[in-house]
Amino acid sequence: MEVSLTNHLADLQVVRWGPLRVNGHEVPPQEFVLFPEEGAVTRGEHVSPERPFPFGRQRTVCIRTSVPALDKGEHRLEVELECGRHGVLRLDATEAIDVSPSWTNGRLPREAEDDYSESIVQARRTHVEDWAGIRLSHVSRHSFAPRHARNSCELFTGVAQVPIGVAGPLVVHGEHAYGPYLVPLATTEGTMVASYNRGIKLLNACGGVRCTVLDDSMQRAPVFVFDDARQGRDFVSWIRARQEVIAERAESTSHVAKLLRIEAFQVHRFVFLRLNFTTGDAAGQNMVGKATFEALEWIRTNYPTIRASFLEGNISTDKKSSQLNILQTRGKRVTAEVVVPRELLQSSMRTHVSQAVFYQRICAEGSMLAGSHNTGAQSANALAALFIATGQDVAALAESAAGTLFTNETAEGDLYASITLPSLVLATHGGGTGLPTQRECLELMDCYGRGKVLRLAEIVAGVVLAGELSLMCAVASERNSEEWVTSHERLGRHP
């Protein structure tokens, strides 16, 4: 039998555990074991005034012992512990055993009516703990009601807590973001937040970063199968003559989605259509899926020679990086740029303009040889940290991390640096952005809700450029990459 106790009172020093009674049956201290969240496992008999057991506030301890088999129904539990100056504390509780037979076969408990009630979430955690033989002491500690996870996570069982550091403030000169912004970064990589703060300091010393949203579109790409290539070619002509009615059908599913254009790509007897939409402040993958399905149904009804069709033919490359999206945009296409005076680059980053430009050109060659969709150094670092902190669809990182970094020496001998993110998929409304933690992080940047997504895109691009400059200069510094290595040694994962 296991009993979990959580201390909601004060930091305690327990000098005696027990006795423990189950239905009046006394279990002496030598017959139960204490499993704290942190620290050594201890037998109850080993706790004494000379060897007190630390039981901090908001900490949980698990008591494990052997008792005669307990039947279904209610059972009385009594626990006594002596806590020095806090005196003797006694717990008297009644617990019930009611195991559903359907849970014993490994299937997770579910409730058809409300799968986000406190009771079903706790039942699911208990099932998982019993199945794996572990305690979910930290996973179970969420600061919001399970109902907040509705439409964000099925079979909600707990939370994954990721450390959040704050970078900035970053001064942004954009068309939608203007001024200083603090930036929340959720990460487990030591040195990352420090690296971005280093780059932000450089950008701010230059007067800030200039950011521009260049394009905005989200795609769904159905595919159609015909008897031969000629039928496919005729279908493309038919589609091009009916774009207005297709747009009307697609847009009828949403007050936000707007169809910008339809592109056609034919290979053999297959026709891939790529429908491009704007989706407001939502990332829009589901929105355009619904809109395209409505259009697809109309097309199927009015063009009977289609042999087969599927809602997605993979040419939208949803959650996959592709050269097509780099060329034509998916999500937001946004650029961040700055001019760094040569004296500032030398004094702050300990490198020269010519050295930084030379190194970046070499990296571009290396990216080309590797077939990479990013010529920079670490766009994914900022994007992953921001996506987790602000409730984005983290799988969209696969396409969002594509980018091209460009540097050159200006006529005045200064460093011009620019990065373009051609397929940045993000949102400030809908999806995980409404979860309490993620909403707070968006509100920190004044980016929560409608009308804010282009502001977020500009801020994200500025942060990405800060990281590119920080890492590029660390590797190309006068110290021959020493800063890159020593910073990880000092701030990274070494104990």
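In this predicted model, helix H2 meets helix H7 through Arg 198, Leu 202 and Ala 205 on the H2 side and Leu 344, Ser 348 and Met 349 on the H7 side. Four of the residues in this contact are nonpolar, one is polar and one is charged. H2 covers residues 192-205 and H7 covers residues 342-349. Their axes lie 11 Å apart and form an angle of about 150°. Angles over 145 degrees count as roughly antiparallel, and H2 and H7 are therefore roughly antiparallel to each other. Their crossing is right-handed.

Gln 285 belongs to helix H5, which spans residues 285-302. With a relative accessible area of 9%, Gln 285 is buried, because the cut-off for that class is under 20%. Leaving aside residues up to four places away in sequence, Gln 285 touches Met 218, Arg 220, Asp 318, Lys 319, Arg 330, Asp 393, Ala 396 and Val 425. Arg 220 is 65 residues from Gln 285 along the chain, yet their C-alpha atoms are separated by 7.6 Å.

Backbone geometry was also examined. Gly 168 and Pro 169 are joined by a cis peptide bond, with omega at about 5°. Pro 169 sits in strand S11, residues 164-173.

Asn 23 is placed in the loop between strand S3 (16-22) and strand S4 (25-27). Its relative accessibility is 42%, so Asn 23 counts as partly exposed. The loop holding Thr 329 runs between helix H6 (323-328) and strand S18 (331-340). Thr 329 is buried, at 1% relative accessible area.

Technical notes: Residues numbered from 1 in each chain as written. Predicted model: local features only at pLDDT ≥ 70, side-chain atom pairs only at ≥ 80, totals over all residues. Heavy atoms only, no water. Helix = DSSP H or I, 4+ residues; strand = E, 2+ residues; numbered from the N terminus. Buried < 20%, exposed > 50% of the residue type's maximum accessible area, 1.4 Å probe, protein only. Contact = heavy atoms within 4.5 Å. Axes fitted to C-alpha atoms, helices over the stretch in contact; angles between N-to-C directions. Parallel < 35°, antiparallel > 145°, perpendicular 65-115°, else oblique. Left-handed = near helix turned anticlockwise from the far one by under 90°. Nonpolar A, V, L, I, M, F, W, Y, C, P; charged D, E, K, R; others polar.
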